[in-house]
Every structure is written in structure tokens, then in C-alpha cells.
Amino acid sequence: MILTVTMNPSIDTRYEVEHLVVDDVNRVTPQKTAGGKGLNVSRVLVQLGDDVLATGLLGGHAGAYLGEFMDADGIPHRFTPIAGESRTCIALLHDGNQTELLESGPTVSTEELEAFLANYAELVQQADCVTISGSLPKGVPAECYAGMVETAVRAGKPVLLDTSGAALDAALAAEVKPTLVKPNLTEINALLGTAFTTDEAAALGDAVAADPRFQGVAWVVVTMGAAGSVAFHDGHRYRVTTPPIQAVNATGSGDSTVAGFAHAIAAGMDDVAVLACGNTCGKLNAMDPQTGHLVMDKWDEVYDSVEVAEV
């Protein structure tokens, strides 16, 4: 079983208008999904045929509504209830642009966090692999993910961490490291204090290899959108290039990539297959209008076109 963690889930609501008329009425038809990075991971894993269990924090009427969405998506779930209402996030597609309105979410009490961590520790024992994705809600300290990583590692489970900012800083500073981290190019530049572009993959790789914060992290994958990725695993460095595609909706492609990595790592695949699987999932998500959803009938075409070279 792959355990996915979403600490700050949301009702993701998508509105699409050809042209946004400011200071006037714009009539729209909403498209709603169970949102949050970990739930995007969960949806993709379900498509890949994995045994999945989603966990995290759910609150109020919005949380119950999120549970209904998960049921509809076929995602088994065991979340810890909290008093605050789970958030709603809005994506407005207009004039060739995407404008996002993101609620910060509820404030979590100490007692609620302790209840979640107890539930999480129990679920980790049943898992073959753990993914932890996204932001932390208010009231949860930045060090929380570092502690959750340690719980999984001490239980002998690979744990994939996809977050940024203070939570990622704390996890990289901890003694016990995650199995995989997947910063994108913007996030790794922020971590390193650099300004590498997609054309400087070799120099970026050198900088990551020299940074002591990544020592002990088995997999470091830096994703670069259409330019592919740079990856490190146990002393090996890889450059991954991906085929050009007709992108429809790239939202959730990073989460889909994590799902592909988790699927492959849980199955014990080799380095090339792990990287090919993750990058294929990211591409197939971008080809689908739904977030956290793959165009599965294109799997062979895209997978066979992903190139993984050791450099």
C-alpha cells in the first residue's frame, strides 16, 4: 500500500471564461475536485493500479464534501478530523492566463496535530511507501514533516517529500533524511541562492552534488518542466529529456511525477525505470484537462520517448 499525506487539502474549483470582464458579472460553470498535492498523487496512483490510502487533516462541512470527492475518485482515505473548515482554492482560466485564489486553510490545534501524528504512525506500519506533499496548515510547525519523515524511515519505509520553503529546509537539516525530494527549478534556485536556467543543467547538478544538505537523500530530482529533469541517486547523476507534447493543463504535473516515482520505487524498479515512470506521469497529466489525471492511452508513446542518460 502507498500512503499519501495531504495536510492542507482543498476543494479545488476551476472556472473558465474566454474573457474576464473586471467589475462586472462573469457567468461560469465550476469544475470541482478533491485538491491538494497529495490527493493529486492519490488519483494518479489509483489510475496506475496501486493500492492507495490517503490521509491528512479534514475539517467541517468542506472536509465532508472532500471525502465525497475522494469516494467518487475511488481513493480510500483515513483522515483526522479537525474543527476548522477545510479550504477552497479557485483557479480562474481567462484570456490565455490562469489566475489562482488560494485560501490559507484552517488553524490546527496541538491536540488535533497529535491525533493526526498518532494516526499517521499507525498507517505507516501498514504502508510499503509514503508520499508527503504540499504545504502545512496554520498551527503546524515547519519541523512537522521532518518528524514524519523520521517516523517512516525508522519503520523502514521509503518516503517521498514534495514541499518547499521552511518545511523543506527543516527536513533537509534533520538527521534523518527523506528517500526522495523533488524541488522544481524555482525551488532549487531558492534553496541554493542561484539563478540556474534549464540550459545550465550540468552546473545545477554540480551545485546540488556539492551541497551538504542533500547528503543522505537517496534521490534528488530537480524538475524543469518541458526541459525534463536532473536526478541523483546513490552517486549516479542522470539527465532526463522528455518528448514535446500538446499541453492542455499542466497543473498537477509535479504531483503526477511524484506518483510515478512512488509507483516505481514501491515496485522495486531500477533507476532508469523510476525516472522514466515519473516523467511519463508528469507529461500525461499535462495532456489531460483534469488535474492529477493521466491520458493513459498515450502511456507507451510517451514512456518510450523519455530518454534517461547517465552523465
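Begin at the second largest pocket of this predicted model, where the lining residues divide into seven nonpolar, five polar and three charged. Select Ala209, Phe214, Val217, Phe232 and Gly235: of the 15 residues that line the second largest pocket, these lie nearest its centre. The volume of this second largest pocket is about 230 Å³. Next, colour helix H7 (201–210), strand E12 (229–233) and strand E13 (236–241), each of which supplies at least two residues of that lining.

An open sheet of 10 strands, with mixed pairing, runs in the order E5-E4-E1-E8-E9-E10-E11-E12-E13-E14. At its edges are strand E5 (80–82) and strand E14 (307–310), each pairing on one side only.

Pick leucine 160 and then leucine 180, its bridge partner in E10.

The last stop is a cavity. A search of the whole structure finds one of 30 Å³ or more. The largest cavity holds about 40 Å³ of space. To show its lining, select Met7, Asn8, Pro9, Leu57, Ile82, Ser86, Arg87, Pro106, Val108 and Pro137. By class, the lining of this largest cavity has seven nonpolar, two polar and one charged residues.

Methods
Residues are numbered from 1 along each chain as its sequence is written. This is a predicted model: local features need pLDDT of at least 70, side-chain atom pairs count only at pLDDT 80 or more; totals for chains, interfaces and linings use all residues. Side-chain values use heavy atoms; hydrogens and water are left out. On a 1 Å grid over the protein atoms alone, a cavity is a set of points where a 1.4 Å probe fits but cannot get out, and a pocket is an open set with protein on both sides within 12 Å along at least five of seven lines; lining residues have an atom within 4 Å of a point. Grid points are joined across faces, edges and corners, and a volume is the space filled by probe spheres set on the points. Helices (H or I, at least four residues) and strands (E, at least two) are DSSP runs, numbered from the N terminus. Ala, Val, Leu, Ile, Met, Phe, Trp, Tyr, Cys and Pro count as nonpolar, Asp, Glu, Lys and Arg as charged, and the others, Gly among them, as polar. Two strands pair if DSSP finds at least two bridges between them.
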